[in-house]
Amino acid sequence: MQHAREQRAAARRMTRDLPEAPGLPALGRRRFLGATGAAAALAFATGLPATGTAAAAELDARRIATDPFTLGVASGDPHPGSVLLWTRLAPEPYEPDSGLPGERVDVEWELADDEAFRRVVRRGTATAHPEYHHSVHVEVDRLDAGRVYYYRFRTGSWTSRTGRTRTAPATGAGPGSLTFAAVSCQAYHQGYFTAHRHLAEEDVDLVFHLGDYLYEYAVDAEGGARRYTDRRLPAVFDREAVSLTDYRLRYALYKTDPDLLAAHAAHPFAVIWDDHETENNYAGDTDEHGTPAEEFLLRRAAAYRAYWENQPLRTAQRPEGPDAQLYRRLHWGDLAQFDLLDTRQYRSDQAYGDRAHVPGPESGAATRTMTGAAQERWLLDGWRDSTALWNVVPQQVCFSQRKFDPDDPSRVSMDAWDGYPASRARILAGAESAHLANLMVLSGDVHVHYAFDIKQDFDDPGSRTLGTEIVTTSISSGGNGTRRPPTWDAYTRANPHLRFFDGRRGYVRVALGRELARADFRTVDAVTTPGAPIATAASFVTHAGTPGLEPA
């Protein structure tokens with residue numbers, strides 16, 4: 001553990017202290033994995049924007065000849081008097097430099113009460129720095145609480161599309177309701193983002209993206225399962241993302257999807273990552289290939305940097321080398337507290353080689369953690385101080401016990417909380433100690449809809465129900481899916497606390513009220529062809545003060 005901390009510190013120093021490199025070449029996988037730590041750090045070095053005489057020159061925005069707002073607009077993490085606005089300038093989004101020189105650009109922004117911008121309440125100018133790939137993160141404060149606003153950006157002769165956002169209710173306010181959506185897992189190469197188009201048309205206050213916003217895997221010229229006939233994607237996407245340039249380009253590919261563009265413009269998002277934003281099933285400083293930690297941490301630094309550049313995140317979440325504090329807390333008056341977790345960056349390595357396995361001494365070790373000690377303390381302390389009616393935990397992987405086999409002993413996932421039972425037990429003990437009456441966990445990752453009762457003892461169906469877990473299916477990952485996957489019968493028999501299981505694509509819409517919460521499991525039947533209609537496959541409610549799911 002001490003060695004790992006030293007490696008992380010060394011990687012932070014290398015990525016922080018080396019010279020600026022606004023345009024970074026992509027490295028081949030073999031060369032990347034074979035490089036020494038210092039050489040790889042040099043190749044990946046980017047720093048903070050310089051000031052004074054060392055600052056990048058300023059670009060006259062009137063020289064930008066084509067639309068720089070190809071990646072759209074987004075907002076995120078609404079606070080009672082503040083919201084984060086995002087865009088990134090990319091006249092040529094599929095080029096490594098996005099079609100801009102290594103010069104800073106002034107970008108004007110406006111926030112208004114109305115969509116026509118007749119009543120502008122705040123405006124200003126932000127700088128798009130080349131070191132941050134010309135991304136813009138504007139933290140707009142001194143706003144009214146609990147309000148809808150409209151925003152847009154301008155640079156040169158170009159104006160972005162209009163986005164719609166909102167602030168959270170005032171601290172201590174008693175809102176009667178809140179509606180949010182939960183989404184996850186949007187593999188570009190496995191289908192269209194049709195569910196995002198429908199989500200853009202929903203009346204929700206906030207969207208939680210629970211991870212796998214992109215996949216590091218190659219996307220061929222036809223867009224994989226999209227089977228494009230009207231375009232050919234550049235060869236830069238037809239390889240695994242490992243470098244900063246690779247990750248930046250992959251975000252450009254995803255963010256030019258029209259359905260994702262529409263969803264971001266329509267609603268504020270609160271985003272958290274899972275594994276594929278960096279590498280499949282990584283755990284802390286350990287990847288799935290056994291790469292030396294000091295080399296993998298450089299890849300993680302690149303992935304984390306590109307993630308922040310391309311998401312509506314505040315300065316507090318900006319990475320320092322391979323580290324970033326993504327876990328954070330949002331409030332919706334006294335109705336809801338949201339504790340967003342990071343279950344990748346601090347976790348112990350998966351037990352039993354990350355294979356499906358029966359629980360054993362390796363997975364059951366008391367020292368194993370999913371969250372790391374600091375994040376665990378932060379969560380439990382936050383619960384003890386919470387005055388919210390609903391305590392909601394947006395996070396990545398399946399929290400409830402999920403046996404794969406009807407007969408005991410059953411195999412379980414070593415990547416989910418089943419592979420970290422001591423860590424889960426501490427979390428549930430903390431919830432009981434804090435007397436949480438209305439605990440709701442939001443999860444993604446598994447590309448299916450689940451609804452679980454969270455049990456005090458998952459092996460005893462008669463034990464007390466402590467809360468509810470709502471697992472959202474994927475936007476596109478896994479292809480079209482089916483209502484009853486091949487595992488449906490085994491899983492429903494093996495897990496009596498599993499109340500619902502559907503294998504199609506879509507998202508979950510949750511309405512929180514003073515008396516109950518309602519979850520609508522929204523599905524589309526196809527993602528390999530565009531335009532599938534949306535439907536509600538099932539709805540469940542849980543009553544305030546009485547944990548447990550019931551069909552609506």
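Before the first stop, a word on angles: a helix axis here is a line fitted to C-alpha atoms over the stretch in contact, and angles run from 0 to 180 degrees between N-to-C directions. Keep in mind, too, that this is a predicted model.

**Stop 1: a pair of helices**

Select residues 373-385, helix H9, and residues 421-433, helix H10. Their axes come within 9 Å and cross at roughly 20°. Angles under 35 degrees count as roughly parallel, and H9 and H10 are therefore roughly parallel to each other. The crossing of H9 past H10 is right-handed.

Which residues meet here? From H9, pick Glu376, Leu379, Leu380 and Trp383; from H10, pick Ser423, Arg426, Ile427, Gly430 and Ala431. Color this contact by residue type and you get five nonpolar, two polar and two charged residues.

**Stop 2: the cores**

Next, go for the largest nonpolar core, which has 75 residues. Good places to start are Phe180, Phe208, Phe338, Met440 and Leu512, the residues with the most contacts inside this core. Then highlight 293-309: that's helix H7, the element that gives the most to the core, with seven residues.

Center on Phe208 and show what surrounds the residue. Leaving aside residues up to four places away in sequence, Phe208 touches Phe180, Ala181, Ala182, Val183, Ala270, Phe338, Leu340, Pro394 and Leu442.

There is also a second, separate core, with 34 residues. Select Trp383, Phe404, Phe458 and Tyr491 to find it.

**Stop 3**

Most residues other than glycine have a negative phi, and most peptide bonds are trans.

- Asp408 and Pro409: a cis peptide bond joins the two, with omega about -5°. Pro409 sits in the loop between strand S14 (390-394) and H10.
- Ser98: phi is positive, about 60°, though the residue is not a glycine. Look for Ser98 in the loop between strands S2 (82-88) and S3 (105-112).
- His435: phi is again positive, near 60°, in a residue other than glycine. His435 is in the loop between H10 and strand S15 (439-443).

Which is buried and which is exposed? Ser98 is buried, with a relative accessible area of 1%, whereas His435 counts as exposed at 68% relative accessibility.

How values were computed: Residues numbered from 1 in each chain as written. Predicted model: local features only at pLDDT ≥ 70, side-chain atom pairs only at ≥ 80, totals over all residues. Heavy atoms only, no water. Helix = DSSP H or I, 4+ residues; strand = E, 2+ residues; numbered from the N terminus. Parallel < 35°, antiparallel > 145°, perpendicular 65-115°, else oblique. Left-handed = near helix turned anticlockwise from the far one by under 90°. Contact = heavy atoms within 4.5 Å. Nonpolar A, V, L, I, M, F, W, Y, C, P; charged D, E, K, R; others polar. Core = buried A, V, L, I, M, F, W, Y, C linked by side-chain atoms within 4.5 Å. Buried < 20%, exposed > 50% of the residue type's maximum accessible area, 1.4 Å probe, protein only.
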